[in-house]
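Please look over the protein shown here.

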Amino acid sequence: MGDKRKIILTGDRPTGRLHVGHYAGSLKRRVQLQNSGEFDDIFIMIADAQALTDNADNPEKVRQNIIEVALDYLSCGLDPEKSTLFIQSQIPELTELTFYYMNLVTVSRLQRNPTVKNEIRMRNFEASIPVGFFAYPISQASDITAFKATTVPVGEDQLPMIEQTREIVRSFNHIYGEVLVEPDVLLPDNKACMRLPGIDGKAKMSKSLNNCIYLSDTEEEVRKKVMSMFTDPNHLRVQDPGRVEGNPVFIYLEAFCRDDHFERFWPEYGNLDELKAHYTRGGLGDVKVKKFLNQVLQDELAPIRARRKEYEQKIPEVYRILREGSEKAQRAAAQTLADVKAAMKINYFDDEELIQSQAKKFKAEER
Ligand code: ATP
Ligand code: MG
């Protein structure tokens, strides 16, 4: 296909408000890509159907969080004039694609997915994994391919999903002809952003682990969380040498601080390397570093918080944005589904040649 259009698809599960891990891992990048003008289409999906795969008994949670995620999007600078914000369940074509892709994936291939394995462990599903949850990587392949996405900006935990999608695309195109587009993953270029740890030092900040700084937290909530953060447990006295590797406070600084933050808030240091060197040598207390991190985060979050307040006063408009986005997304997915069904030869009624040739065959048999 000579189609060189550049298209983004990405999204989030409405299982809670979005946190600074989402911001570092994906949201901030999306806004930059949106404003770069390099993309022909940008689709941002609130993955409610996927959220239901492990929250089937709690639909109200998913329902309530749709608007929270939408508010987080808009307050970070996703602009409905430039990006299509939509709700997954409102696009039935996505479910239909999933049903056909299921035939191209083996059970053992799904069982090998390391992210899903880990999530099953975290949720204590073990022997009672819902089929829908087990198969969500296939549904994610539908989300991506339905929009012919070329670029998927996500955190590191999503790598196995994109690989699964690429396999499905190759398999589909091999059997049925070149219809689907193989997407590329776009990881954060800053290593600290790939998988931001929790404030408790756990490997991943995650809605489900209660270790998050939310984009919608108040100034005071952010300050309290930063001041209570896990650091180097062996850095007991100010004069002790400290470790910056694996220290969440420094990982957050790597993810968020710029040289101009030093100029404005802590001119004693020219940049993060100088600060790290002092901490490693000893003689620099955690409280000072946390205070600086708080200033950096507040600087990043204040405009987001202010925009959120504005949108919170316009909730019906936010739902209208989602409805219009869903309508646009549905039209795009319907086009792909039509191509898919034609390639799979399940387009019986719009294929006049088929009807005529069948008619001829049976007439011939009668003779
Ligand atoms: P859940 O616990 O419900 O799975 P989550 O916090 O993992 O929620 P998702 O909606 O699954 O959030 O992920 C949305 C996007 O944010 C994905 O691109 C994912 O890679 C990214 N992301 C999530 N958590 C982090 C993190 N701690 N650091 C970097 N990126 C993250
Ligand atoms: Mg997740």
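What follows is a short report on a predicted model.

## Overall make-up

The protein has 17 helices and 5 strands. Its C-alpha atoms fill a box of roughly 100 × 45 × 40 Å along the principal axes. Of the 367 residues, 51% are buried.

One pair of residues gives a sense of the distances. F265 and I346 are 81 residues apart along the chain. Their C-alpha atoms are separated by 64 Å. F265 lies in helix α13 and is partly exposed, with a relative accessible area of 25%.

## An enclosed helix

Helix α8 spans residues 136–146. How many of its residues are buried? The count is 11 of the 11, so helix α8 is largely enclosed by the rest of the structure. The buried residues of α8 include charged D143. Among the others are Y136, P137 and I138. S139, Q140, S142 and T145 are buried in α8 too.

The backbone just after α8 also deserves a look. There, K148 takes a positive phi of about 50°.

## Salt bridges

The structure holds 33 salt bridges. One of them pairs E300 with K28, with the closest N and O atoms 3.4 Å apart. This pair links distant parts of the chain. E300 sits in helix α15 (residues 286–312) and K28 in helix α1 (residues 20–36), 272 residues apart. E300 counts as buried because its relative accessibility is 10%, under the 20% cut-off. K28 is partly exposed, with a relative accessible area of 25%.

A salt bridge also joins the side chains of R264 and D299, at 2.7 Å from N to O. This pair, too, links distant parts of the chain: R264 is in helix α13 and D299 in helix α15, 35 residues apart. R264 is partly exposed at 46% relative accessible area. D299 is partly exposed at 24%. Salt bridges with shared partners join K28, R258, D260, R264, D299 and E300 into one network.

Elsewhere, the side chains of K225 and D217 meet in a salt bridge, at 2.6 Å from N to O. Is D217 buried or exposed? At 2% relative accessibility, D217 counts as buried.

## A negative surface patch

Which residues form the negative surface patch? They are D259, E263, D273 and E274. Two helices, α13 (259–265) and α14 (272–281), each supply at least two residues of the patch.

E263 is in helix α13. E263 counts as exposed because its relative accessible area is 64%, over the 50% cut-off. Helix α13 also holds R264, the salt-bridge partner of D299.

## Cysteines

How many disulfides does the structure hold? The count is 0. C212 is in no disulfide; the nearest cysteine sulfur, that of C76, is 14 Å away. C212 is buried, with a relative accessible area of 3%.

C257 is likewise in no disulfide. For C257, the nearest cysteine sulfur belongs to C193 and is 11 Å away. C257 is buried, with a relative accessible area of 15%.

## Asparagines with positive phi

N124 is not a glycine, but it has a positive phi of about 55°. N124 is found in the loop between α6 (114–122) and α7 (131–134). N124 is exposed, with a relative accessible area of 59%.

N210 is not a glycine either, and it has a positive phi of about 60°. Where is N210? N210 is in the loop between α10 (191–194) and α11 (219–227). N210 is exposed, with a relative accessible area of 69%.

How values were computed: Residues are numbered from 1 along each chain as its sequence is written. Chains are lettered from A and ligands numbered from 1 in the order in which they are written. This is a predicted model: local features need pLDDT of at least 70, side-chain atom pairs count only at pLDDT 80 or more; totals for chains, interfaces and linings use all residues. Side-chain values use heavy atoms; hydrogens and water are left out. Patches are made of residues with over 30% relative accessible area and no salt bridge: like charges are joined within 9 Å, nonpolar side chains (Val, Leu, Ile, Met, Phe, Trp, Tyr) within 5 Å. Accessible areas come from the Shrake-Rupley method with a 1.4 Å probe; for residues, only the protein chains shown count as cover. A salt bridge is a side-chain nitrogen of Lys or Arg within 4 Å of a carboxyl oxygen of Asp or Glu. The place of a charge is taken as NZ of Lys, CZ of Arg, CG of Asp or CD of Glu. Helices (H or I, at least four residues) and strands (E, at least two) are DSSP runs, numbered from the N terminus. Buried means under 20% relative accessible area, exposed over 50%, partly exposed in between (1.4 Å probe, protein chains only). A disulfide is a pair of cysteine sulfur atoms within 2.5 Å.
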